[in-house]
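Please examine how the two chains of this model meet. The paragraphs below follow their contact and then turn to a single helix.

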Amino acid sequence: MAYSKKVMDHFENPRNLGKMDDADGVGEVGNAKCGDIMKIYLKINDGIISDVKFNTFGCASAIATSSMATELIKGQKVEDALELSNKAVVEALDGLPPAKIHCSVLAEEAVKAAIADYYTKNGIELDPAIFGSCSGGCENCDHCG
Amino acid sequence: MKTVYVDNAATTAMCDEAVKAMVECMSSAYGNASSLHHIGQEAAEVLFAARQDVADCLNADVNEIYFTSGGTEADNWAIRNAARLGSRKNKNHIISTAFEHHAVLHTLKKLEKEGFEVTYLEVSEDGYVTPEQVRNAIKDETCLVTIMYANNEIGTIQPVKEIGQVCRDKGVLFHTDAVQAVGHVKIDVAEQNIDMLSLSGHKFHGPKGVGALYCKKGISLMGIMQGGAQEKNKRPGTENIPALAGMAAALKKACAELDKNSAYISSLRDKIIDGILPTVPRARLNGGRDARLPGNVSFCFEGIEGESLLLYLDLKGICGSSGSACTSGSLDPSHVLLALGLPHEIAHGSLRISLSEFNTEEEADYIIEELPKVVNRLRDMSPVWERIMKEESENGLQ
Ligand SMILES: Cc1ncc(COP(=O)(O)O)c(C=O)c1O
Ligand SMILES: [Zn+2]
């Protein structure tokens, strides 16, 4: 198992690393039991993600996918950020070892959870087709067992 | 960048003596030890001498040593053999522990599928099992006790002699996976009541892909393959003489210098432990400090994950290892740390530093300097650490 140069670059020099005190939306997914937790902070102006920060507890691919996901959604419209897939994140990183794909799913979910938080705070109803029934807290989530 | 190799429990660099012995075999003693001509007989002599050296290091007889492809094969062979002897007498119960190496655990799991019953003794929170636990678990149907000599992740050394005595008293075969112990602690199979023992060349500065099974005289040992007459018909196939010679040379040296090395390596070990524990909050040492391999340091750091810790250390030239889930491809962290009763959250943040006599004081200092920085860097970006600190300050305010 070896990581791509891109993964190692984002792991060594994570982009948008940090916390945000005045975030418009915060999403945290995963749990410490299964080994990866991601927390994403969004600043949203006029429907556009003007700033994003992340904190991650996890392996190198968890850190690299968090970093890449924040890069991909920064400056995007909120609706477009919702379309972010883990596949797109993995491709942007020039791939992940097969055993590590599960770590990248969290990045997609963390972005969704942060946007869900933003919508909820602003009285916007969550479309179950996009957000499903996931509350963001993964304690009972299947893939974390 | 300098390289600090502290993953000696995974494998070791070869010592000069082992390299020299191997090169000599490859360039001059290249014969087949079964050939009658003088080139073949030269190889046969090397083979005999290697077996004698290994036997001497264990205080075994030369006829009790069977060469294998490594620790895994020796473990499989010993356990399968005992199971076969047991089932002949309708004895289908085996006793082991929850924190064995997979070479043992997975063999036992397979035997369970084939109808054997296995008792996995609980390990204490500091990483030991007791002879009393073994005594209490032995039943009329017990055909084997297999307990590792020293654990590969946390370095704890089990009371092998006393466990062996219990097994002798009860007439049960005793096997020990001594892969991590041989060449590092004094072993005497006769004095320690050991019936079967596994060892592996690459854990004491010998080559990889070679090991040995010690099987006490009088215990019937089944062959594992059909073929020629090598290894007393038990393990056919032309012997890998260079590997055997390399392993024997390394073991001979390790045993001759054991006291000196053990004192030196354990001083490095204690320096690192005492250099890290007081300076890094919420760090713990896994495994007791007393009966511990000279080279093993095993930490858990709360709030961070082991793989990223390992890789950030690698960027500083430090090569260690972690029992974290993400390095194994499953969501569960190391079964060894879980067997100690550690919660998943903490077991994920493990780091094993395993030293050898090739490591220096300067390297230990470098680890003591760099490791806390890396831990802090990861904690700064960890939502888990953020939560731990929040809880701590809330509790502090109460
Ligand atoms: C305790 C223990 N048993 C068995 C093995 C397997 O040995 P080998 O790699 O020689 O097959 C190892 C090493 O990985 C070990 O640490
Ligand atoms: Zn992961």
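**The contact between chain A and chain B**

In this predicted model, the contact draws 31 residues from chain A and 24 residues from chain B. Phe11(A), Lys33(A) and Phe57(A) together supply 26% of the area that chain A buries against chain B, more than any other three residues. Between the two chains, the buried area comes to about 2200 Å², and carbon and sulfur atoms give 65% of that area.

Polar interactions also join the two chains. There are 11 residue pairs in polar contact between chain A and chain B, counting pairs in which both residues have pLDDT 80 or more. The count of salt bridges between the chains is 3. In one salt bridge, the side chain of Lys39(A) meets that of Glu386(B), with an N to O distance of 3.4 Å.

Which elements of chain A give two or more residues to the side that touches chain B? They are helix 1 (5–12), strand 2 (36–45), strand 3 (48–57), helix 2 (60–73) and helix 5 of chain A. Strand 2 of chain A gives the most, with 4 residues. By class, the side of chain A that touches chain B has 17 nonpolar, 7 polar and 7 charged residues.

Helix 5 of chain A, one of the elements on that side, covers residues 101–121 and has 21 residues. From its first C-alpha to its last, helix 5 reaches 31 Å, close to the 30 Å expected at 1.5 Å a residue. Just after helix 5 of chain A, Gly123(A) adopts a positive phi of about 70 degrees.

Technical notes:
Residues numbered from 1 in each chain as written. Chains lettered and ligands numbered in written order. Heavy atoms only, no water. Expected span 1.5 Å × (residues − 1). Contact = heavy atoms within 4.5 Å. Buried area = accessible area lost by both parts, 1.4 Å probe. Salt bridge = Lys/Arg side-chain N within 4 Å of Asp/Glu carboxyl O. Polar contact = N/O pair within 3.5 Å; in protein donor to acceptor, adjacent residues only side chain to side chain. Nonpolar A, V, L, I, M, F, W, Y, C, P; charged D, E, K, R; others polar.
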